Amino acid sequence: CLLLQSCRLHSKRLPLSRLPVIYGHRLASTDSGSSGGNAAPNRLNNASAKSLFLCGQEFESDDYTNLTDRIIEQVNCGLHRQRGHPLWLLTNRIVGHFNANYTRSRSRPLFTVVDNLSPIVTPEQNFDSLLIPADHPSRRPSDVYYLNRGRLLRGHTSAHQCDLLRQGLDAFLVVGDVYRRDEIDRSHFPVFHQVEGVRIYSQEQLFAGAKDSADSLRMFDRSRNRTDEQQAGHSVETSKLLEHELKSCLEGLARRLFGSSIAYRWVPAYFPFTHPSWELEVRHSQSDGGEADWMEMLGCGIVEQRLLDGCGLPNRTGWAFGLGLERWAMQLFSVPDIRLFWSKDPAFLAQFAQPCQPGADLWQPVQYKPISVYPPCPMDLSFWLPAADASFHSNDFYDLVRSIAGDLVEQVSLIDEFRHPKDGRMSLCYRIVYRSHERTLTSEEARTVHDQIAKSAVTRLAVQIR
């Protein structure tokens, strides 16, 4: 579902015949067209719907099925493949940077670009192949969109990492849409886009620049134990050189996109599939004129040797990174709300059209200018949870709100909770902020949507409105 059809940067592409049928951004702890080519509509929590159709395939529903109509409509929209879209522009800048700086013999691009993989994957691809523990919160239906117990919408582009390594790729970029049940605010949306980068080395490739490497340097040292700075069995030279190569690559990308004067720092992190791991943070100015703050822009690390062993590559080491395109685009183009990337308003898209024209300079500066500012319309909703309140999850409520209000909802926040001292019932109060980027919402319009959400919460979540 993900090939940069409209722009060819002479990058190496993986032939469709070799692609698997079914790819960070940080793991949550906790062909254009609106329908994505779906064969039939589907309903959430509809007992009569025994199957659903997605990406031209039929899937049997079960107790894990939690897709909403809203999410189904957005599957395979491929914003990063739509020429003129800001995510298209950013994707092609990233690909262009790698093509210009990393080549094989005869100036062939080193990194293969893979962006036509279906977002429907298996739990083994999304979790097991990446060494994510069986009890990790990111596996729960409250965090992931499941078609059924055996299929889900990928939560990260890393889901394809092992498939591509087994196919023999040693350097690749995977671009794709990913899906997570998450909170609602200006920087979170249940569908976003990622670029995953992976590079692995043989001993000869890793130490190619070192003198007498065949005699004096070794990739592995089985006597070394795992520490915070390196994996067990990796030599000191391997650990230091991989870290240097990885950080140099990503620092170069950040400077190319944001300018040579950008302030950045590396922060230790944890991911199940890399060790050691880091996050790259950049310093950015607050939109309200407040003091500049640090923002996490990507996660990366040295690929776990166990992962490579499982891919049949015991004599290789390497690194991987993942970044969220929306987060980078919001910072780069000064886009204040993630919902804008889904806007079809010509006044929004026209601001990114010029550098996307054939033959135009992709790198000419672009800064989003607000079309107009419409006032928010906040409303509160309080309800008692069902007796077994442990079964309630806030992400279920967020999905319900999105399925009814769509892009009219800007933010949902829990502003109060109360436990009744006598009967022990729990009450929650959410503030829902409605705002349109296209017009001023009237109180009556917002109230109509708000009432629909309240009624649906009663029937679908078994709550009692206060």
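In this predicted model, helix α11 (residues 394-405) packs against helix α12 (residues 443-461) at an angle of about 135 degrees, and the two axes lie 10 Å apart. Axes here are lines fitted to C-alpha atoms, for helices over the stretch in contact, with angles running from 0 to 180 degrees between N-to-C directions. That angle makes α11 oblique to α12, since under 35 degrees counts as roughly parallel, over 145 as roughly antiparallel, 65 to 115 as roughly perpendicular and the rest as oblique. Helices (H or I, at least four residues) and strands (E, at least two) are DSSP runs, numbered from the N terminus.

As for who meets whom, Asp396, Phe397, Leu400, Val401, Ser403, Ile404 and Ala405 on the α11 side touch Val449, Gln452, Ile453, Ser456, Ala457, Arg460 and Leu461 on the α12 side, contact meaning heavy atoms within 4.5 Å. Sorted by type, the residues of this contact come out as nine nonpolar, three polar and two charged. In this sorting, Ala, Val, Leu, Ile, Met, Phe, Trp, Tyr, Cys and Pro count as nonpolar, Asp, Glu, Lys and Arg as charged, and the others, Gly among them, as polar.

Next come the nonpolar cores. The largest has 71 residues, and Leu54 and Leu153 touch the most other members. Helix α7 (residues 236-258) gives this core its largest share, seven residues. Apart from it lies another core, of 27 residues, with Leu400, Val401, Ala405 and Tyr430 among them. A nonpolar core is a set of buried Ala, Val, Leu, Ile, Met, Phe, Trp, Tyr and Cys residues joined through side-chain atoms within 4.5 Å; buried means under 20% relative accessible area, exposed over 50%, and partly exposed in between (1.4 Å probe, protein chains only). Leaving out residues up to four places away in sequence, leucine 153 touches Leu54, Leu67, Ile71, Val75, Pro119, Ile120, Val144, Tyr145, Leu147 and Tyr179.

Helix α9 (residues 325-333) is mostly covered, with seven of its nine residues buried. These are Leu325, Glu326, Trp328, Ala329, Met330, Leu332 and Phe333. The buried residues of α9 pack against α2 (86-101), α7 and the strands β8 (171-179), β9 (191-201), β12 (293-303) and β13 (317-324). After α9 comes serine 334, with a positive phi near 60 degrees.

Then there are some backbone details. Arginine 106, in the loop between α2 and β4 (112-114), has a positive phi near 55 degrees without being a glycine. Arginine 106 is exposed, at 74% relative accessible area. Leucine 131 sits in the loop between α3 (123-126) and β6, and its phi is also positive, about 65 degrees. Leucine 131 is partly exposed, at 23%. Histidine 275 and proline 276 are joined by a cis peptide bond, with omega about -10 degrees; proline 276 lies in strand β11 (residues 274-284).

Glycine 150 lies in the loop between β6 (146-148) and β7 (151-153) and is partly exposed, at 32% relative accessible area. Beyond its neighbours within four places in sequence, glycine 150 is in contact with Val121, Thr122 and Pro123.

Residues are numbered from 1 along each chain as its sequence is written, and side-chain values use heavy atoms, leaving out hydrogens and water. Local features need pLDDT of at least 70 and side-chain atom pairs count only at pLDDT 80 or more, while totals for chains, interfaces and linings use all residues.
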